[in-house]
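Visitor: Hi, I've got a structure I'd like to go through with you. Can we put it up?

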Amino acid sequence: MIASPPSDRSPGRSSGAAANSPDWLKPDELARLSSIELRARGVVEGFLQGLHRSPFIGYSVEFSSHRRYGPGDDLRHVNWKLFARQRKLYVKEFDAETNLNLYLFVDASRSMQCKVDGAMTKHEYAATLAAAFAALAIKQRDAVALGLFDDGVRHYMDPSAKPGRWEDCLSLLSTTPEAKVTALSKSLEQAAALARHRGVVVILSDLVDGDVEGIKKGLQQLRHRGHEVIVFHLLDPFERHLADSGRYRVLDMESPAELTTNMESIRADYLNKIQQWCDQLDDACLYQGVDRIELTTDQPPTAALVDYLVKRTT
């Protein structure tokens, strides 16, 4: 269930993770930027500033041919043995090989439009993260695929490391969601069919779907195809923690249902049920060897990049 307060409520609580975060762009600062491109660049730059070295495994290269040395060429690539024989400078040329296929699947369903205590909607947060992941992968010469889903995968681009791929991703992520309900089981099944080559599959979603067994089955299909799967579970702080008190109108964003109630009367039961739901999702992911990273939209997206890359190198 997604909660939406009346317009006259006071600002909600923020999680401690955002309040104590390091000095990088925070969600409220990112929200002031006018485009996904600017937000993604901010996340990537903030992330890279905190690194002494890239935790990515570097892409591999294969020797291709020689060419005559020219001004500005790197002397490390000069073939000195050939120079000794011919007394002419030649440099080695290499063909870069793609290191992996990164598949990004972003939830664009109606519930992802929720924004109560978060600085951005869940969809904006997911799109920003996806664009940042794509930028880092392309920097490493990895191939990036991108899909948007709601009650099925609606838009999809096959993996590519060609020039302009990041711009393609930005263009697709900037499209207006079609405001449909979530059907994760069907969407994950289609994602498994589309992700034909083994790689890393990143799901960015609020996982608002009562069919946990269906989610489990969809993840199983992705794992069966040999993919490493990482799920970023994105929630607005309000729907994760709820307000301590006050009278609110609670809306289900994927159905006409709504309820006006006092937070004091439902908070304990609500927090118990949402924790049970998260525990069920954890079990479903752990059973399939899938990492579930839970984030609220008041947390720095940089933390998600760190978690992702740490898991890639352990």
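Predicted model: local features only at pLDDT ≥ 70, side-chain atom pairs only at ≥ 80, totals over all residues.

Visitor: Helices first. At what angle do the axes of α7 and α8 cross?

Guide: Roughly 5°, and the axes come within 8 Å. For orientation, α7 covers residues 184-194 and α8 covers residues 212-224.

Visitor: So are α7 and α8 roughly parallel or roughly antiparallel?

Guide: Roughly parallel, because the crossing angle of roughly 5° falls under the 35 degrees cut-off for that label.

Visitor: Which residues in α7 and α8 meet?

Guide: From α7 you have L184, S185, L188, E189, A191 and A192. Across from them, α8 brings in G214, I215, G218, L219, Q221 and L222.

Visitor: And what's that contact made of, by class?

Guide: The contact of α7 with α8 has 7 nonpolar, 4 polar and 1 charged residues.

Visitor: Switching to cysteines. How many disulfides does the count come to?

Guide: The count is 0, going by sulfur atoms within 2.5 Å of each other.

Visitor: What about C114, buried or exposed?

Guide: C114 is at 3% relative accessibility, so it counts as buried. C285 is buried as well, with a relative accessible area of 3%.

Visitor: Last one: where does D142 sit?

Guide: D142 is in the loop between α5 (122-139) and β5 (143-149). D142 has 1% relative accessibility, so it counts as buried.

Visitor: Which backbone nitrogen lies 3.3 Å from a polar atom of the D142 side chain?

Guide: That's the backbone nitrogen of L100.

How values were computed. Residues numbered from 1 in each chain as written. Heavy atoms only, no water. Axes fitted to C-alpha atoms, helices over the stretch in contact; angles between N-to-C directions. Helix = DSSP H or I, 4+ residues; strand = E, 2+ residues; numbered from the N terminus. Parallel < 35°, antiparallel > 145°, perpendicular 65-115°, else oblique. Contact = heavy atoms within 4.5 Å. Nonpolar A, V, L, I, M, F, W, Y, C, P; charged D, E, K, R; others polar. Buried < 20%, exposed > 50% of the residue type's maximum accessible area, 1.4 Å probe, protein only. Polar contact = N/O pair within 3.5 Å; in protein donor to acceptor, adjacent residues only side chain to side chain.
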